[in-house]
Amino acid sequence: MNAPIHKEHAELATEFVHNRERAKWHDSSLWFVRQKRDRQTHSIPEWEQLRELAATIKRHTLAKLPQYLEEFERNATRMGAVVHWARDAEEHNRIVLQILQEHGAKKIVKSKSMLTEECHLNPYLERNGIQVVDTDLGEWIVQLRNEPPSHIVMPAIHIKKQEISELFHDKLGTEDGNNDPTYLAGEARTHLRQKFVNADAGITGVNFAIAETGGFVVCTNEGNADLGVSIPDLHIACMGIEKLIPRARDLSVFTRLLGRSATGQPITAYTSHFHGPRPGCKLHIVLVDNGRSKIRASEDFHRSLNCIRCGACMNTCPVYRRSGGHSYSTTVPGPIGSILAPNRDAKSHGDLPFACTLCGSCTDVCPVKIDIHHQLLTWRKELAIQKVVPWTKRVSMSMAAAVLKRPWLYALGGKVARVGLRWMPRWMIYNGLNKWGKQRDLPPPPAKSFREQFRSRSKS
Amino acid sequence: MRFSHRFPRLNTTSVHSMRVGLFIPCYIDQFYPDVGLATVDILEKQGITVDFPAEQTCCGQPMSNTGCTDAARPLAKRFVEIFADYDYVVSPSGSCTAMVRHHYHDLLPHDAAYEKVQKNSFELCEFLHDVLGLRQWDGDFPYRVGIHQSCHGLRELRLEGSSEEMLTRPGKVRGFLQSLRGIQLSELSRPDECCGFGGTFAVAQEAVSVMMGEDRLADHKQAGTDVLTATDMSCLMHLEGLVRRQKMPVAIMHVAEILAGRKPTRPHSPAPLKSN
């Protein structure tokens with residue numbers, strides 16, 4: 001699929017920051033979640049050991065992924081599920097559509113699944129005459145607004161309650177100007193309840209699939225996944241192949257990390273285990289690669305597959321908090337998304353590894369110890385090799401290096417710059433060409449550099 | 001900590017015979033010479049004879065961080081050649097030290113000279129703490145000081161524990177500042193958020209960079225910071241740029257300047273705190 005032409009992150013971020021009051025609100029909302037996470041993690045003395053253990057389990061699983069996938073398939077099939085393999089998004093969508101058509105299913109309720117977002121399943125099904133309703137409240141809100149989620153755990157974190165009130169008034173006929181969250185959530189519940197009752201099939205994502213048992217686990221806070229697969233006779237679970245863990249007893253390591261890292265809860269409100277279909281019902285599991293094997297084979301980026309999609313790196317990222325999820329123009333935004341997206345399309349998403357100050361907060365917050373900021377740096381190097389880094393950057397850096405290789409030229413250049421800055425009128429220094437100086441002053445240039453002063457100091 | 005195990009506390013004789021090469025990052029050399037001079041003063045106070053090899057220019061971090069490995073490699077090679085013969089390389093920059101310690105291996109794989117330089121390179125406070133074994137610093141500084149945790153010093157060199165981690169680490173910068181007579185440290189609501197400098201990020205993402213800087217300064221303002229300090233002049237250059245433009249009443253000083261006994265003057269001279 002050709003990536004849509006979109007504006008670069010820097011441009012969209014500038015637009016977001018332009019509304020300073022809103023950018024501040026967005027920053028504070030996410031920082032609040034980060035603080036909740038800190039309080040929860042501080043209550044676990046063995047937090048760092050848990051992270052290490054989780055990273056080790058993931059590394060092991062990814063190393064033996066083919067064996068574990070086959071083990072999972074065997075065990076899931078034994079319990080009566082039908083397992084499908086999809087090479088890419090297109091095949092995934094085709095498989096889901098085919099299952100739905102075979103069952104004559106027309107109305108679908110879907111719980112949150114970043115994988116189906118990644119595969120753009122909703123528009124595909126809608127084009128084929130199937131009605132899909134996202135039942136996670138946040139995701140339903142963005143669906144009603146006809147926009148993608150801006151965060152993987154809190155899809156509507158960028159929307160204020162007044163705007164939700166207006167949206168519901170417009171689409172559902174709720175009271176005009178009633179911004180009360182309890183009222184709005186109640187109205188949403190009433191509307192969604194009808195969708196659940198009338199659904200022909202439920203689609204869910206998968207948080208963890210267990211090779212040893214063939215079961216899988218879906219974590220939600222709203223119970224929408226449970227309701228969505230309990231009423232209709234057909235349950236389709238879509239999962240990326242990296243969601244696997246070897247044994248049931250490995251699960252607790254991840255459930256302890258996930259809720260705390262994601263929203264600062266000890267555990268998600270619902271941690272539902274699925275072992276085969278309900279009596280008389282059907283369960284289909286679609287295993288999706290969609291570029292994951294390519295990432296797994298990469299020496300540099302394979303660790304990014306450890307990701308359990310908790311979103312902690314977004315909540316902590318000082319750039320994400322101030323630029324909003326939509327500025328990344330990709331399904332998974334923020335730090336982890338900036339590693340994943342260029343794997344898919346380096347040209348279209350090559351700006352993302354640069355939407356970062358390399359502060360490293362994401363790496364320290366990550367519950368599965370992905371060295372996120374180092375991988376972003378590695379991406380920059382890869383993009384320069386592929387010549388996706390703009391030539392202006394490459395040429396200016398080569399020129400700077402040429403000067404810095406020659407100490408006399410460097411010293412001379414420094415002197416010229418300092419003298420120039422001292423004598424040039426302000427308008428010559430601060431103009432449209434100087435982006436640094438748009439809102440910041442340059443340091444007042446000293447008459448003598450350190451090296452000049454050190455030399456005369458040593459002589460005296 | 002692994003480095004204090006590797007480098008036991010040294011006696012005076014070994015301090016005198018120690019060959020220390022001073023690494024002054026290019027922007028400090030050109031724009032903040034006093035930070036370099038303060039570093040020399042600090043090391044000399046410990047009885048160390050400091051050498052400044054004049055062939056040095058830049059460690060190559062700007063090139064490496066923009067992905068331009070080919071432009072960075074010759075600078076890394078030069079750096080290692082210039083500093084290979086020293087017992088220690090000391091620098092008043094966490095970021096540039098982190099570049100040498102953690103990011104040269106891609107540029108100079110299997111290079112024995114690099115491995116020696118890698119092991120021997122230290123940020124100034126880290127050198128005082130890990131190599132000289134110091135825990136306190138003798139001096140007066142009767143001001144309310146806010147520490148800006150420069151990210152690379154914090155999360156690459158681990159000069160202190162980060163707010164994300166659940167580990168206790170020694171505060172290698174904070175410890176020295178705390179021991180100064182008359183000093184008060186301000187309490188920030190976000191103790192280690194990035195200032196938004198980020199090298200070329202400061203220009204490429206100007207709007208976000210400036211907002212991040214302003215948010216840090218607002219946090220310091222509510223905490224009552226009179227003197228804002230850090231281990232990195234690059235973060236401080238960005239914050240000072242905003243302070244100057246908006247004429248904020250706060251002074252900016254590198255940690256080395258405070259430890260060397262300089263007074264806060266740039267760009268603002270706060271009144272000293274009254275002693276009780």
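## Two helices of chain A

In this predicted model, helix 3 (residues 47–63) of chain A packs against helix 12 (residues 251–263) of chain A at an angle of about 125°, and their axes are 10 Å apart. Helix 3 of chain A and helix 12 of chain A are therefore oblique to each other, and helix 3 of chain A passes helix 12 of chain A in a left-handed crossing.

From helix 3 of chain A, the contact is made by A:Leu50, A:Leu53, A:Ala54 and A:Ile57, while helix 12 of chain A brings A:Val253, A:Phe254, A:Arg256 and A:Leu257. By class, this contact has seven nonpolar residues, no polar ones and one charged residue.

## The sheet of chain A

Chain A also holds an open sheet of six strands in the order 1-10-7-4-2-3, with parallel pairing. Strand 1 (82–86) and strand 3 (131–134) of chain A stand at the edges, each with a single partner strand, so one side of each has no neighbour in the sheet. From one strand to the next, the twist averages 20°.

Within chain A, strand 7 (residues 234–240) and strand 10 (residues 282–288) run parallel and are joined by seven bridges. A:Gly240 stands opposite A:Val288, a residue of strand 10 of chain A.

## Where the chains meet

Between the two chains, 57 residues of chain B are in contact with 58 residues of chain A. Several helices of chain B each supply at least two residues of the side that touches chain A, among them helix 4 (33–45), helix 6 (69–83) and helix 13 (206–222). The largest share of that side, seven residues, comes from helix 14 of chain B. By class, the side of chain B that touches chain A has 31 nonpolar, 14 polar and twelve charged residues.

Technical notes. Residues numbered from 1 in each chain as written. Chains lettered and ligands numbered in written order. Predicted model: local features only at pLDDT ≥ 70, side-chain atom pairs only at ≥ 80, totals over all residues. Contact = placed C-beta atoms within 7 Å. Helix = DSSP H or I, 4+ residues; strand = E, 2+ residues; numbered from the N terminus. Nonpolar A, V, L, I, M, F, W, Y, C, P; charged D, E, K, R; others polar. Axes fitted to C-alpha atoms, helices over the stretch in contact; angles between N-to-C directions. Parallel < 35°, antiparallel > 145°, perpendicular 65-115°, else oblique. Left-handed = near helix turned anticlockwise from the far one by under 90°. Pairing = 2+ DSSP bridges.
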